Amino acid sequence: ENVDIGILGAPLDTATTIRPGTRYGPRAVRAASTVPSPPYEHFNIETGIDPFDTFSVADTGDAAVSPGDTRQSQLNIEDAVYEISEQATPIVIGGDHSISYPDIKGWAEANDYDDIGLIHFDCHADTGDEGLTGFEYDHGAWVKRVFDDDLMAGENYTLIGPRGFWPGPDTYEEMREAGMKWYTSMEVGGMDLDDIVTDAVQRATDGTDAVWVSFDVDVMEPAYAPGTGEPEPGGLIPREAIYMVREVVKALDPEDFGFDVVEVSPAYDTSDSSSYNGGVTSGLANRLIIEVMGSMALAEKGLESGDPIKPKEPLGPTEEAETPADD
């Protein structure tokens, strides 16, 4: 099919190290995409854009997962992303975060990208030399795999939202020496979001061929996104995350771009016990995908914003009319 954006599910969770269940993430996010029930539009009342007015989008189904063979499953995902990326922008639904290495590798090879930028929303750096427990392709090692393949320079990488207790200081020392940069969750909360976005985009686009954005839902405060394998208190709130994703993608070239959202684990989600209705966390992931496509549409048109409908009167309190003096 002649499409602009290809959606792919990557239902792999055998490279996770704590709570499994993200194999059901693609199903849950797709279920969330049907809420509310049709008919309904995708016109965003804040950004004033409907991505489906600009792009032809196809859900290509799921990459083949080989039970019991994590590495082969990742290679299957790489092949599936490669096939999509030959003609369209890939958007991948995980799955644990180990899928991002095959996502990026398949996308880069299909387009002959030599140097890519990476903007990474996550509670964890995922730069472990040998992952969390000795498996070099687990969900805590994928950034290091991309870096070791010379697909990305450290100066073209920005991590947004890390906190907690992993990885340790030695790994962060290595990241610093490599030129990588990060904004902790508390720093995000105390800074101007536009400054973070501008810096991340500048770093990702400096001398690179294309940019990948990877969003792990555990970057969120778990009160807002409980359906994930490694929740950590103190994360981003949805307004911060949605705004930064909107602004980052709007500043990028939609022709040389890729996106994945990972670590949705519906068994731990609220308002979803079967992944057939979509829960709080899968709803957030679906919203992020629509936001990404909306910002891609704005970038395609060269617009800062679409055409949102605004009230006749300006926002905020209006000046009170002077009380006429008594004669």
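This is a predicted model: local features need pLDDT of at least 70, side-chain atom pairs count only at pLDDT 80 or more; totals for chains, interfaces and linings use all residues.
You will land in helix α3, which covers residues 100–111. Glutamate 109 has a relative accessible area of 40%, so it counts as partly exposed.

Color by accessibility here: aspartate 112 is exposed, at 63% relative accessible area. Then check its backbone torsions, where phi is positive, about 60 degrees, although the residue is not a glycine.

Now select aspartate 126, in the loop between β4 and α4 (142–148). Its phi is near 55 degrees, again a positive value in a residue other than glycine. Is aspartate 126 buried or exposed? Its relative accessibility is 4%, and because buried means under 20%, aspartate 126 counts as buried.

Two peptide bonds are left to visit. For one of them, select glycine 94 and glycine 95 and display omega: the bond joining them is cis, with omega about 15 degrees. Glycine 95 belongs to the loop between β3 (89–94) and α3, the helix that also holds glutamate 109.

For the other, go to tryptophan 166 and proline 167. What is the omega of the peptide bond between them? The value is near -5 degrees, and the bond is cis. Proline 167 lies in the loop between β5 (157–160) and α5 (169–177), and there the tour ends.

Technical notes. Residues are numbered from 1 along each chain as its sequence is written. Side-chain values use heavy atoms; hydrogens and water are left out. Helices (H or I, at least four residues) and strands (E, at least two) are DSSP runs, numbered from the N terminus. Buried means under 20% relative accessible area, exposed over 50%, partly exposed in between (1.4 Å probe, protein chains only).
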